[in-house]
Each structure stands twice: as structure tokens, then as C-alpha cells.
Amino acid sequence: MPGLLPIPTEVDRPFWEAGREGVLRLQRCAPCGHIFFPPGRRCVACGSPDLHWTDMAGTGEIWSWVVMHKQYFADMPTPYVVLRVKLTEGPYLMANLVDAKGRAPEIGARVRVVFQPEGDIVLPQFTFA
Amino acid sequence: MPSDFTPSKLTPDRIPCIVGVGTTPFRALYRDINPARTDYDLALDAFYVALADSGLEKREIDSVIVARLNSYLKFCADAGLEDVNYVNFQSAGGSQSGVALFQAATLIQAGQADVIACVYGNSGRSSQVSYGGGAIPTSRYDDPYGMTSNGAYYGMLFRRHQHEFGTPIEALAEIAISNRANASLNPNAIMQTPITREDYFNAPFIADPLRRLDYCLVNDGGVAYIVTSLERARDLKMTPVRVLSSGVSGVMSYYYGSDDCWFGALDDLRGRLFARAGVEPSDLDFAQMYDNFSTAIVFALEGMGICQRGEAGPWLLDGNHKRDGALPINTAGGHLSESYMQGWALTVEAVRQLRGEAGPRQVKDCELALDVTCSPICSANILGL
Ligand SMILES: [Zn+2]
């Protein structure tokens, strides 16, 4: 049930490739240690281009969420839940809530990443931890 | 902070004043979709209304700020403003209206311009423009999840606000109801039929927690106003509305929003803004608050110190924002009921109220107004007689 899928670029291809391995991988700045998302060419904190793709724990908590009722994509029937997840390492990711087994989302709930193939890419999604 | 000015430090002659305002017929335009209509047509219509309102000669305009019009050349040429000094363009963002006035006021204060036309045109309804989607840096990472609308980002922020402060959803209903009540007294408003809480809760969810009546009304329209110095304004026919204080405070984030619902940015702005105008929030007679979504008013109330942080919910449930309340808000109906003009019409309504021209919706004996935008660029202007 994807919305609009991205075509990986030179900058973010390692993020999408990591999904194929079942790993959530973000850039970590070598000089200052800052971890950030979305991917870029320089550290947003110190400006260094010395960045290393680093495995994340794949855990976090729900920072907030909405239920989309207006249909924006033909392949994506409503309603669906969108989470803003705060990763254990700090950055935020958007995702859908999957395999909720009837449990409603709540702010602060612990979640973990799962990966779903969609078209040519593998999307990180989140489920309750 | 360098981004503010204070009229009290100026020679009184250089105090910036709004001396002419113009709007197009929003209600009629809403009912007359015309794909041939352009942003420029609408901006030009509003410009000539504002110019006539000011009583100035067109040749006296020495500077122009256009918003949403990609070609400032075309607008100025269409308007016969070939011989101007300062010209600038603002993008089609709703964060920009208060910044336009900030920019104009700063130029007047600095003596870099004498008469500035600020002009906005938007044919969004006829051209079926879509807001959001691709507009923010994380779009390509949010779109796969069907997270593409600005309203959904505001919905996330409001749910967070509810979590932290217990803000009731009924507070949003009270904003929509009050905006509509004000619009019912405004013959130029798109939606004039009063609504109830039942109507609010019966309207469908768009992005839960937000419902349809939390959303602005995308429309066609133009808005313009003329800014000059008090020295020049003294000779004009209309009562000048002074820009007593003006400020801007940005929150540049990858996501559309701010983790603290812009409280930090607005609070910083509030301190500078009110100190430099020499007034307190409690001195205000009414306020115009940017409401692309109802939730923005909740955030602006707290950030501007009109109520304590986390207290906007109870403040609204008490009806303080209504026409007969402590601080009437969006007296012409705002973006939810008058027309979504990305903040520009809110500024013009403030001027009309201060000049006592608001007819049945006139706020009695008003002298001091706040015009505030809570968005990635927070901006605020205090206007007074
Ligand atoms: Zn760094």
C-alpha cells in the first residue's frame, strides 16, 4: 500500500540498500558523532563531509501520529495511520503502523522497525515493540 | 536580535504606516472558477483598490514587494510601475505575509524607501493548486507513507500538544465556530452560515485529529496595501495605521513544524515585539492570527503570551476569542471562513478595524492590534493608531 515511492539517489542509496538487508542505517558524523536524517552530504551539526553509514538499533517511540482519512494515492486506501517515530538514537522518521493487531497508536509507545518490499525499494515501517 | 526595529527609537517622522488597503471580492471569486484567471490579474485588482484608498499618486510609489508572483517584472510593468527603486519577490508561502510588512516597515524606518506597494495575488482555486506534497525537505521520505499534506503535520503537532497539556479537541471547534460567527457579519466572506459544535464534529476527518472545519478555504483573490512614513501619511485622507513593532523568528526544520509547536520561536519574538512597542498582550483590543489550520491559533495564543503555555484550550473554551470576549480573534472570519489569502487579508482586516470601517463586525473603540503568523517563519506586527 505505498504512497509515492522515491528513486534512490547518490546521496540516499545506502539508506534504501540497508533496508534490503533488514537494517536501518543512517549517517553518523565521524568528527562530532552526530546522527541525522534525512541523508545529506555534510553533517548538519558541524559541516563535516566525513560521514559513515551506521546501523541503528531499529527502536524508538511514537512521538505523534495521525489517521489519514482523505485519500491522496490510488494504491493507498484510507484510513491509514502515519507515525512520527523518534528513534532511540535521536532522529525522526515517518512510517505507517503495521501489524498493530487492533492496538491503537499512542504517544510514547515503544516501536521497532520492520521492512516491507514496495515496488523497487524496501520501506522501513514500524510495529509495536 | 537584529531583526527588529522600534519606532520609539526613530524620529517620529519615519514611523511606518499603512495608508491604503485593497482586497478583491473573495466570496464572488469563490463562486466563479475561471482557469484563465492569473495571480497577476488578482494582484493588480487589489493594487488599484489599495492605491485609490491611499489617495497617493501612482508615481509616488518608489518600492514594490510582490508575493506569489514569480515575475516582479511583469507585475510592475502591468501596473505601470516602471521607475521604482527597491523591488523584491516573496515565494508562494504562507509564512511570508507578516514578513512582507516587516520588510516594508524596516525599509521605511531606515529611510531606504518612501512609499511601498505590497501586493499579493493567488488564483489557487481556479488553477487547482495543491498545497503541501513535495514542499518540505523530507517529502521524498514522507510520501511513501501517504504523509503528504500540511494539515497532517499540523494534526501531529496538535496531538502532541494534547498529550503534553491535555488540550481538548473542543478548543478547535470553538475556533471554527467563532471564525464563522465573525464571517457571518462579513459580506465578503466565503462561508457565512453560522455553525455549531455538532456541525464541527459531524464534519469528516481529513487527518485525524483534524476535521474539515479545521482547514482553510483555498480560493482566488488578491490583497494589497501601501506603506509609507508618518511624515508622508499626515497629509493623506485616511487615518494612518502605525506599525508600532515588527519582528520575525524562524524555525528552520526538515519537517513542516516545530517540536515545541513553535513556542520557543514565538516566545522569543513576543519578548522583543511587545517591549519595543511599549505595550503588553493585555493591552491588545483584538488579534489577527494566521489560521491555515485552526491549530495554529492554539500555538500562537501561547507563544504570544496571551495565555500561559498549555492554557490555550481552557482560554478558548471560556470564549475569550469571540467577538464579545477578552480578545476577539480573526474578526472577518479568518482563513477558515473568509478566504485563505495566506495571511495577507488578515493584515488588511486589522487596518480596517483600526480605522473603524468594519461595519457590523466592528470591534468597539479599538486602538491596538496584533497580527501574528505561527509557521516555519513566525512573524508578528503590532499595529495601532
Ligand atoms: Zn558533525
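**Entry 1: a helix across the sheet**

I started with helix α14 (residues 344-354) of chain B, which lies across β1, β2, β3, β4, β7, β8, β9, β10 and β11 of that chain. Its direction runs at about 110 degrees to β1(B). A reminder to myself: this is a predicted model.

Next I wanted the sheet itself. How many strands form it, and in which order? I found 9 strands in an open sheet of chain B, ordered β3-β2-β4-β7-β1-β8-β11-β10-β9, with mixed pairing. The edge strands are β3 (86-90) and β9 (286-289) of chain B, and each of these pairs on one side only.

**Entry 2: strand β11 of chain B and its partners**

I zoomed in on β11(B), which spans residues 377-384. Strand β10 (residues 368-373) of chain B runs antiparallel to β11(B), and 6 bridges join the two. The hairpin between β10(B) and β11(B) goes through 3 residues. Clicking through the pairs, I saw Ala369(B) opposite Leu383(B), and Asp371(B) bridged to Asn381(B).

On to the β8(B) pairing: β8(B) and β11(B) are antiparallel and share 8 bridges. Here Gly247(B) has Ala380(B) as its bridge partner. Is β11(B) mostly covered or mostly open? Mostly covered, I noted, with 7 of its 8 residues buried.

**Entry 3: helix α7 of chain B**

I checked the length of helix α7 (residues 170-183) of chain B. It has 14 residues and reaches 20 Å from first C-alpha to last, close to the 20 Å expected at 1.5 Å a residue.

How many residues of α7(B) are buried? I got 12 of the 14, so I call this helix mostly covered, taking buried as under 20% relative accessible area. The buried set includes Glu174(B), Asn179(B), Arg180(B) and Asn182(B), along with Leu172(B), Ile175(B) and Ile177(B). What do the buried residues pack against? I listed α6 (150-165), α8 (197-202), β6 (210-211), α11 (295-303), α12 (312-317) and α13 (334-337), each in chain B.

**Entry 4: the zinc ion in chain A**

Which residues hold the zinc ion as protein donors? They are Cys29(A), Cys32(A), Cys43(A) and Cys46(A), each through SG, at 2.3 to 2.4 Å. The angles among the 4 donor atoms run from 99 to 119 degrees, and the site is tetrahedral. For reference, ideal angles for four tetrahedral donors are 109.5 degrees. Along the sequence, the donors are spaced C-x2-C-x10-C-x2-C.

Cys29(A) lies in strand β1 (residues 25-29) of chain A, while Cys46(A) is in the loop between β2 (35-36) and β3 (51-55) of that chain, so this pair ties together parts 17 residues apart in sequence. Cys29(A) is buried at 0% relative accessible area, whereas Cys46(A) is partly exposed at 41%.

One of the pairs I picked out is Pro117(A) opposite Val122(A). The hairpin of β7(A) and β8(A) has 2 residues between the strands, and Gly119(A) takes a positive phi near 60 degrees in this hairpin.

**Entry 5: Pro144 of chain B**

Last stop: Pro144(B), in the loop between α5 (139-142) and α6 of chain B. Buried or exposed? It counts as buried, because its relative accessibility is 1%. Setting aside neighbours within four places in sequence, what does Pro144(B) contact? I wrote down Pro2(A), Gly3(A), Leu4(A), Leu5(A), Pro6(A), Met76(A), Asn96(A), Leu123(A) and Ser139(B). I also took one distance: Pro144(B) and Ser95(B) are 49 residues apart along the chain, with 26 Å between their C-alpha atoms.

Definitions and conventions:
Residues numbered from 1 in each chain as written. Chains lettered and ligands numbered in written order. Predicted model: local features only at pLDDT ≥ 70, side-chain atom pairs only at ≥ 80, totals over all residues. Heavy atoms only, no water. Pairing = 2+ DSSP bridges. Helix = DSSP H or I, 4+ residues; strand = E, 2+ residues; numbered from the N terminus. Contact = heavy atoms within 4.5 Å. Axes fitted to C-alpha atoms, helices over the stretch in contact; angles between N-to-C directions. Donors = N, O, S within 2.8 Å, 3.2 Å for Na, K, Ca; no water. Tetrahedral: all angles 85-135°; square planar, octahedral: opposite > 155°, others 65-115°. Buried < 20%, exposed > 50% of the residue type's maximum accessible area, 1.4 Å probe, protein only. Expected span 1.5 Å × (residues − 1).
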